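We will go from stop to stop, and at each one you get something to select and something to look for.

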Amino acid sequence: MGKPLYITTPLYYVNAKPHLGHAYTTLLGDTLKSFALQQGRECFFLAGTDEHGEKIAQSAEKAGKSPMEFVDEVAALFEGTWKLLGLNPDISYRTTRPSHIKLVQEALQRLKDQGDIRFSSYTGKYCLGCERFRTDQEWDEKGLCPDHQRPPEIREESNYFFNMEKYRQKTLEYYRGHSDAIVPHHYMKEALAMLEEPLEDLCISRPTSRITWGIPLPFDRNYVTYVWFDALLSYLGGLGYTGRPLAEEKSFRHDLWGQSQHLIGKDILKTHAVYWPTMLLALGLEPARQLQVNGFWLTAGLKMSKSLGNVVDPVKVYEIFGAEAFRYFLMRDMSYGVDASFTWESFVSRANSELANGIGNLASRTLTLVHKNLEARVPSAAHRNDEDRALLAKVDGLPSKFAEEFANARYHVALASFAETVATCDRYINDTKPWSLAKDPAQKDRLAAVLGTMLDALSLLSVVMQSVLPEGSRKLRSALGFTNDPEVLAWELTGLRPKEGTPLGEVPRLYPRLELPKDPDATV
Ligand code: ME8
């Protein structure tokens with residue numbers, strides 16, 4: 001057994017239904033969990049929804065619903081979407097759960113008692129889209145929030161403040177001692193730059209005169225908790241933390257916390273890389289083990305976002321093209337950590353070149369030849385030559401390369417090496433021409449050697465692809481005659497060759513070619 005792993009997505013705001021950007025981060029979590037299981041690691045995967053705060057109260061009001069009624073509906077929509085897309089978090093955490101409310105209040109009271117929270121007044125520039133005050137440098141040249149394209153609201157209030165500065169040096173030390181605590185590395189640099197300057201106190205309350213939809217402060221009922229202070233604590237709540245002193249935390253999975261990986265988008269780097277570790281240190285806990293930061297999916301050059309209204313509906317993409325192409329495109333086309341553009345054309349082109357014409361075609365041409373010429377059974381490996389062994393040596397290099405790229409959060413590169421290996425196999429078939437060998441009875445042994453080599457290669461590919469292409473992997477395995485597979489294909493199975501004489505299953509149609517709908521935005 002490897003080390004256990006705790007994976008989290010952000011707790012998404014429930015002010016509107018999920019879009020492709022949310023689906024991406026959740027898909028990544030699902031993929032990483034499957035991959036971890038393949039590596040023999042225990043893995044707990046948390047997704048959830050952030051349900052308090054002003055933005056959500058406003059959306060509920062617009063919808064003519066009570067906040068609770070509204071968040072119940074939208075949270076169900078998030079959960080339902082993940083289910084539909086085949087994404088399976090172990091828990092769908094909601095910040096409106098009574099146990100979470102209690103946890104936040106316990107934690108706040110402790111921080112107050114230990115002198116980390118003070119009462120004061122403040123004037124600042126607030127972005128409601130971000131639900132946070134932005135510093136003077138954090139507005140674009142037009143004076144707008146770069147993520148939400150909205151002007152600042154000047155807010156002056158008496159509020160409670162958390163002393164982040166007290167924990168700044170310790171946070172810096174943590175990052176300096178854990179150079180992979182934030183990946184890709186350029187986000188670590190950004191975080192270190194934010195932490196090199198003294199930190200202003202963090203405003204952690206909102207007066208009930210302005211907003212009531214939040215967790216009441218345990219020490220002053222005229223205030224509710226700032227939504228970020230509330231939502232970040234979900235990551236601990238998901239592991240059974242209750243906010244009490246650590247010695248009394250009986251069911252908290254401390255071991256999983258030590259292996260925590262938060263998947264986030266770059267829009268919430270500051271809250272996760274600066275606010276969150278200071279909160280954790282104040283509570284006597286270590287910062288999260290790793291933040292993995294994705295760039296934005298863009299449409300027409302702008303961040304896809306609920307507030308900009310330029311979103312792609314993941315359900316629509318799924319309904320037109322299916323889950324496998326959806327998973328593959330998102331994981332393959334976004335260079336992890338930088339922005340990527342979504343277009344229907346690039347989607348179809350990627351799926352056709354690397355799924356239909358790639359692994360799909362490779363599997364179907366090989367398996368069809370075995371069915372036609374070798375009585376649909378795995379042939380003997382007795383007559384293989386150097387060319388065959390050279391191919392397998394290349395293919396055998398894939399699992400370690402793929403795993404290494406996954407470990408370094410270079411998912412797109414891992415998939416590129418998968419696609420390259422498929423292309424190498426294709427070249428091997430084109431060079432060895434088994435369809436010509438099949439016409440000459442004198443070449444029977446050579447034909448068996450070539451097709452047997454290809455079955456070995458496909459068997460390895462079927463294991464490597466499982467975390468990203470689970471359905472195709474399953475179909476390919478049964479076509480290769482593996483009838484007793486466990487649900488999780490352990491990574492060691494990449495070394496298992498199909499056994500001589502094993503009958504193959506039906507030739508699968510793994511990935512049919514996709515057609516671009518005339519007007520995809522109007523299709524569903
Ligand atoms: O920030 N491209 O929730 P949120 C890629 N409630 N990823 C995107 C994206 C895009 N265009 N748009 C959104 C919040 N995301 C807080 C989080 S956590 C304690 C509280 C993904 O609904 C990405 O992961 O605005 C981003 O960080 C997250 O959704 C923001 O979701």
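Start by selecting T8, which sits in strand β1. Keep in mind as you look around that this is a predicted model. T8 is buried, with a relative accessible area of 0%. Show side chains here, and you will find that of T8 in a polar contact with the side chain of H262, at 2.7 Å. Beyond its neighbours within four places in sequence, T8 is in contact with L46, Y235, Q261, H262 and L263.

Stay with β1 and bring up the ligand. Which element gives the most to the shell around the ligand? That is β1, with 4 residues. In total, 25 residues surround the ligand, and the closest are L11, T25, D50, D267 and W297.

Now switch to the backbone for some polar atoms. A backbone N or O atom of Y13 lies 2.9 Å from an oxygen atom of the ligand. G265 also places a backbone N or O atom 2.9 Å from an oxygen atom of the ligand. For a ligand nitrogen atom, select M304, where a polar backbone atom is 2.9 Å away. How much of the ligand does the protein cover? The answer is 97% of the 670 Å² of accessible area that the ligand has on its own.

Next, select helix α3, residues 67-84. Its 18 residues should span 26 Å at 1.5 Å a residue, and its end C-alpha atoms are 25 Å apart, which agrees. Highlight F70, V71, V74, A75, F78, T81 and W82, which are buried. Turn the view to look down the axis of α3: these buried residues fall within an arc of 120°, so they line one face of the helix. Here is the background: an α-helix has 3.6 residues a turn, so residues three or four places apart point the same way. The buried residues of α3 pack against β1, where the tour began, and also against α1, β2 (43-50), α2 (54-62), β3 (91-94) and α11 (314-321). Following α3, look for G86, whose phi is positive, near 80°.

Jump ahead to P184, in the loop between β7 and α6. The peptide bond joining V183 and P184 is cis, with omega about -10°.

From there, select α6, residues 185-196. This helix of 12 residues reaches 17 Å from its first C-alpha to its last, close to the 16 Å expected. Its buried residues are Y187, M188, A191, L192 and L195. They cover an arc of only 140° around the axis, which puts them on the same side of α6. What covers them includes α5 (168-177), β7 (182-183), α10 (269-282) and β13 (290-294).

Q149, in the loop between β5 (132-134) and β6 (153-162), has a positive phi of about 50° although it is not a glycine. Q149 is partly exposed, at 31% relative accessible area. A300, in the loop between β14 (297-299) and β15 (302-303), also has a positive phi of about 50° without being a glycine. Is A300 buried or exposed? A300 is exposed, with a relative accessible area of 84%.

Finish at D431 in helix α16 (residues 411-432). D431 is exposed, at 56% relative accessible area.

Technical notes
Residues are numbered from 1 along each chain as its sequence is written. This is a predicted model: local features need pLDDT of at least 70, side-chain atom pairs count only at pLDDT 80 or more; totals for chains, interfaces and linings use all residues. Side-chain values use heavy atoms; hydrogens and water are left out. Helices (H or I, at least four residues) and strands (E, at least two) are DSSP runs, numbered from the N terminus. The expected span of a helix is 1.5 Å times one less than its number of residues. Buried means under 20% relative accessible area, exposed over 50%, partly exposed in between (1.4 Å probe, protein chains only). The arc is that of the directions from the helix axis to the C-beta atoms. Contact means heavy atoms within 4.5 Å. A residue is near a molecule or strand if one of its heavy atoms lies within 4 Å of it. A polar contact is a pair of N or O atoms within 3.5 Å; within protein, one must be able to donate a hydrogen and the other to accept it, and residues adjacent in sequence count only if both atoms are side-chain atoms. Accessible areas come from the Shrake-Rupley method with a 1.4 Å probe; for residues, only the protein chains shown count as cover.
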